[in-house]
Amino acid sequence: MLKGLAITPPVIGRISIGRVMERNGKRLPEKDDQFTLTSQVQGRDGWILHPLDEKLRKEAEGQKLRAISMRLLFNDPGLNLRADYSLFDRTTGRPICVGNGETCRRAGKEGVATLPCPGPDACAFSQGACKAYARLNVVVGDDDALGSFVLRTTSFNTIRTLAARLEYFSAVSGGLLACLPLELKLRGKSTTMSYGTPIYYVDLVVRSGLTLEQAIAQARELDEQRRVCGFDQGALDEAARKGFANGAFEDLAEDVPAVVEEFFPGNAHGGKTEGTTKADSSLQGHLEDRVARLNSV
């Protein structure tokens, strides 16, 4: 295994809520109110749709795609959802600093150093350009048992909700997260800071048509079937754990520019978004920036 290279779950597609659009000569993220499944290939008009996207929309019978049936790869909640505070260089697209609120890994001229992490609000180094960033890997469909779709998000609502659900489902199922029949669900809410405009975030729930008790029963049955067949879930979790720990930063250099464009729009480290005016320093500007962050699923 190559040292310094994080070995992450194989990705066969992306789950997004929106896309990057070109407006007035600038490429800016535009949010949506439904899921989209794409491949990892980009065309002239953006990411090319994955074949499963059309299949799921047909099953939705003309409704917006706001629920996706899926399973998780791992029993360990922290392996399915990795969340941290991230700072990227907007010019080079390279990760500069990744932390968890206690410690961080920061890239410098002398390599990667481990330093204290005060969090984005109290960090003088990031100058406000650091924010929460998470990746959730899920299995959609039956074609590839170990191939996953990745959902990337910088939404605190999504990160907090998914983290809580994963811990709760793990607790009530006796640690059988990878066997539970679940679904991703898009929810909306309004707050005073969003001026009444719906903010969409991703939730994780028991698959439609099942009670929690039925889902747990199915998980136990599937776990037993896998054990009989020799499927070693514990070994899979351990392999993933070692793979993540093998590198300082999870995202590949070739993938980071697209991540920065979609989730970290603006100038390089420490800079504000292009086109910043004096109004951005006003209370309204701060509120609008907060709304944008809340809505960045």
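This is a predicted model: local features need pLDDT of at least 70, side-chain atom pairs count only at pLDDT 80 or more; totals for chains, interfaces and linings use all residues.
**Chatting through helices, core and cysteines**

Biologist: Okay! Where is glutamate 61 placed?

Modeller: Glutamate 61 sits in the loop between helix 1 and strand 4 (67-72). Its phi is positive at about 55° although the residue is not a glycine.

Biologist: Is glutamate 61 buried or exposed?

Modeller: Exposed, with a relative accessible area of 68%.

Biologist: And which other residue has a positive phi of about 55° although it is not a glycine?

Modeller: Glutamine 127 is one, again with a positive phi of about 55°. You'll find glutamine 127 in the loop between strand 8 (111-116) and strand 9 (131-139). Glutamine 127 counts as exposed too, at 53% relative accessibility.

Biologist: Back to helix 1, then. Which of its residues are buried?

Modeller: In helix 1 (residues 51-59), the buried ones are Leu52, Asp53 and Leu56. They cover an arc of only 105° around the axis, so they lie on the same side of helix 1.

Biologist: Nice. What is exposed on the other side of helix 1?

Modeller: Pro51 and Lys58 are exposed there.

Biologist: Switching to helix 3. How many residues does it have, and how far does it reach?

Modeller: Helix 3 (residues 156-172) has 17 residues and spans 24 Å from its first C-alpha to its last, which is close to the 24 Å expected at 1.5 Å a residue.

Biologist: What caps the N-terminal end of helix 3?

Modeller: Serine 155 does: one of its side-chain oxygens lies 3.3 Å from the backbone nitrogen of asparagine 157. Asparagine 157 is among the buried residues of helix 3, a list that also includes Ile159, Leu162, Leu166 and Phe169.

Biologist: And what follows helix 3?

Modeller: Glycine 174, with a positive phi near 75°.

Biologist: Now the core. Which residues in the largest nonpolar core touch the most other members?

Modeller: That core holds 37 residues, and those touching the most other members are Ile15, Phe35, Leu37, Leu136, Val138, Val140 and Leu184. As a general point, nonpolar side chains in soluble globular proteins tend to be buried together.

Biologist: Let's zoom in on isoleucine 15. What is it in contact with, leaving aside neighbours within four places in sequence?

Modeller: The contacts of isoleucine 15 include Phe35, Leu37, Val138, Val140 and Leu184. Isoleucine 15 is also in contact with Thr36, Ile68, Phe149, Val150, Leu151 and Arg152.

Biologist: What about threonine 38, is that buried or exposed?

Modeller: Threonine 38 is buried, at a relative accessible area of 3%, and is found in strand 2 (residues 26-43). Neighbours within four places aside, its contacts include Gly13, Arg14, Trp47, His50 and Phe149.

Biologist: Last topic: how many disulfides are there?

Modeller: The count comes to zero. Cysteine 117, for instance, is in no disulfide, and the nearest cysteine sulfur, that of cysteine 104, is 5.3 Å away. A disulfide would need the two sulfur atoms within 2.5 Å.

Terms used: Residues are numbered from 1 along each chain as its sequence is written. Side-chain values use heavy atoms; hydrogens and water are left out. Buried means under 20% relative accessible area, exposed over 50%, partly exposed in between (1.4 Å probe, protein chains only). Helices (H or I, at least four residues) and strands (E, at least two) are DSSP runs, numbered from the N terminus. The arc is that of the directions from the helix axis to the C-beta atoms. The expected span of a helix is 1.5 Å times one less than its number of residues. A polar contact is a pair of N or O atoms within 3.5 Å; within protein, one must be able to donate a hydrogen and the other to accept it, and residues adjacent in sequence count only if both atoms are side-chain atoms. A nonpolar core is a set of buried Ala, Val, Leu, Ile, Met, Phe, Trp, Tyr and Cys residues joined through side-chain atoms within 4.5 Å. Contact means heavy atoms within 4.5 Å.
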